[in-house]
Amino acid sequence: EDSIEDSLTGLYNRRGFLSLAKDAIRLMDEPNYHIIFVDMDKMKDINDKYGHDMGDSALKEVSRILRTSFREGDIISRYGGDEFIIFVSGIKDAIIDKIKNRIQKGVDLFNQNDNSHYKLGLTVGHAKHNQDKKESLQQVINRADQEMYVNKMNKLKK
């Protein structure tokens with residue numbers, strides 16, 4: 001129960017993420033970080049149609065895509081179920097769009113593979129720490145989660 005790693009994906013789990021992110025913030029002269037919240041689309045469909053082993057495979061694939069989309073020093077976590085969260089610091093705001101594009105390219109590349117039984121889809125939300133409001137880490141996470149939810153609802157309307 002003291003583990004900070006998700007045994008399926010090898011990423012940090014929620015406990016590990018929160019611990020490492022809080023430590024990183026404490027070490028900053030002024031908090032300057034971004035939270036990226038990623039949710040898998042139609043994970044229930046993959047599990048229901050192909051079984052939980054295939055669902056586990058999808059989670060591992062998303063983990064691989066995220067690892068290749070971020071820097072080694074970024075804190076990548078399976079936050080729970082089919083949700084992932086990433087702590088990114090020391091970057092200019094404009095880099096966030098490049099990261100989102102790298103994630104999408106990874107998804108597109110996977111989906112071009114004819115050998116896969118399923119297609120991946122990810123919905124991304126992002127929030128930057130607001131120094132003026134002296135936000136907590138949890139408040140930034142909540143804003144990133146909310147943006148992800150809005151983006152997911154907008155996808156479903158299309």
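**Helix contacts and aromatic pairs**

Let's start with two helices. The axes of helix 2, residues 43-50, and helix 3 come within 7 Å, and they cross at roughly 145°. Keep in mind that this is a predicted model.

Which residues of helix 2 and helix 3 make the contact? From helix 2, take M43, I46, N47 and Y50. From helix 3, take H52, M54, G55, A58 and L59. Now sort them by class. The contact of helix 2 with helix 3 has 6 nonpolar residues and 3 polar ones. Charged residues are absent from it.

Stay on helix 3 for a moment. This helix covers residues 52-69, and E61 is part of it. Is E61 buried or exposed? Its relative accessible area is 16%. Buried means under 20%, so E61 counts as buried. What does E61 touch, leaving aside its neighbours within four places in sequence? The contacts are F110 and L120.

Next, the aromatic rings. A pair of aromatic rings is described by two things: the distance of the centres and the angle of the planes. How many aromatic pairs does a search of the whole structure find? The search gives 4. I will show you two of them.

Take F17 and Y79. They form an edge-to-face pair. Centre to centre, the distance is 6.0 Å, and the planes are 85° apart. Now look at where they sit. F17 lies in helix 1, residues 14-27, and Y79 lies in strand 2, residues 75-80. The two parts are 62 residues apart in sequence, so the pair ties together a helix and a strand. F17 is buried, at 0% relative accessible area. Y79 is buried too, at 6%.

The other pair is Y33 with F87, and this one is stacked. Here the centres are 4.9 Å apart, with 25° between the planes. Again, distant parts of the chain are linked. Y33 belongs to strand 1, residues 33-40, and F87 to strand 3, residues 83-89. That puts them 54 residues apart. What about burial? Y33 is buried, with a relative accessible area of 1%. F87 is buried as well, at 2%.

One is a cluster: F17, F37 and Y79 form one aromatic cluster. The other is a charge. Which ring does the charged end of R14 sit over? The ring of Y79, with 3.9 Å to its centre.

Conventions:
Residues numbered from 1 in each chain as written. Predicted model: local features only at pLDDT ≥ 70, side-chain atom pairs only at ≥ 80, totals over all residues. Heavy atoms only, no water. Phe/Tyr/Trp six-rings, centres within 6.5 Å; stacked < 30°, edge-to-face > 60°. Helix = DSSP H or I, 4+ residues; strand = E, 2+ residues; numbered from the N terminus. Buried < 20%, exposed > 50% of the residue type's maximum accessible area, 1.4 Å probe, protein only. Lys NZ or Arg CZ within 6 Å of the ring centre and 35° of its normal. Contact = heavy atoms within 4.5 Å. Axes fitted to C-alpha atoms, helices over the stretch in contact; angles between N-to-C directions. Nonpolar A, V, L, I, M, F, W, Y, C, P; charged D, E, K, R; others polar.
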